[in-house]
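Here are my notes on the model you sent.

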Amino acid sequence: MDNMANTFIRKVQKGIGTDTNGVQIGSYTVASNPATKATVIGLSVSNTSASSIDVDVVLSQNASNTTTDVSIVTNVPIPSGSTVVLIGGDQKLVMEGGDMIKVRSSASASCDAIMSILEIT
């Protein structure tokens, strides 16, 4: 039986927004070499701007090809100064090697994201 290492990690991204092409930014990618699996046990997004924003979060298998994106949430409104917990408590998300989480806001440099992850290698 193989002994697999379990590692708790935290990923943070400040100033998430959108660029002029609407490309999603602010991401986490599961390593594919060695073969890694990850369980997202927490994902919070905080609005750091003075206005309300809308946030999209997707699970993707390819950074440059959005046809593989699967929506976790779409256009979730976050009032100024507020935080929304998208994954946590009973809600978990299992990811495989090469999968990525991408966060995008409706306004530039308007939100921060924090992810708690259990990586299994």
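**Notes on the model**

1. Asp112 is buried, because its relative accessible area is 18% (buried means under 20%, exposed over 50%, partly exposed in between, with a 1.4 Å probe and protein chains only). Its partner is Lys14: the two side chains form a salt bridge, 3.5 Å from N to O. Here a salt bridge is a side-chain nitrogen of Lys or Arg within 4 Å of a carboxyl oxygen of Asp or Glu. Lys14 sits in strand S1 (residues 6-16) and Asp112 in strand S9 (residues 111-120), 98 residues apart. Lys14 counts as exposed, at 64% relative accessibility.

2. A word on the source. This is a predicted model: local features need pLDDT of at least 70, side-chain atom pairs count only at pLDDT 80 or more, and totals for chains, interfaces and linings use all residues. Residues are numbered from 1 along each chain as its sequence is written, and side-chain values use heavy atoms, with hydrogens and water left out.

3. The structure holds four salt bridges. One of them joins Asp56 and Arg104, at 2.4 Å from N to O. Asp56 is in strand S4 (residues 53-60) and Arg104 in strand S8 (residues 100-105), 48 residues apart. Asp56 is buried at 8% relative accessibility. Arg104 is partly exposed at 23%.

4. Glu96 and Lys37 also pair in a salt bridge, with their closest N and O atoms 3.7 Å apart. Glu96 lies in strand S7 (residues 93-96) and Lys37 in strand S3, so this pair ties together parts 59 residues apart in sequence. Both count as partly exposed: Glu96 at 46% relative accessibility, Lys37 at 43%.

5. Where is Ala35 found? Ala35 is in the loop between strand S2 (25-29) and strand S3 (37-47). Ala35 is exposed, at 64% relative accessibility. Setting aside neighbours within four places in sequence, Ala35 is in contact (heavy atoms within 4.5 Å) with Ile120 and Thr121. The C-alpha atoms of Ala35 and Thr121 are separated by 6.4 Å, yet these residues are 86 apart along the chain.

6. Now the whole chain. The protein has zero helices and nine strands (DSSP runs numbered from the N terminus: helices are H or I, at least four residues; strands are E, at least two). Of the contacts with a separation of 6 or more, 81% are between residues 24 or more positions apart.

7. Buried residues make up 36% of the 121 residues. The protein exposes about 6,900 Å², and carbon and sulfur atoms supply 50% of that (Shrake-Rupley method, 1.4 Å probe; for residues, only the protein chains shown count as cover).
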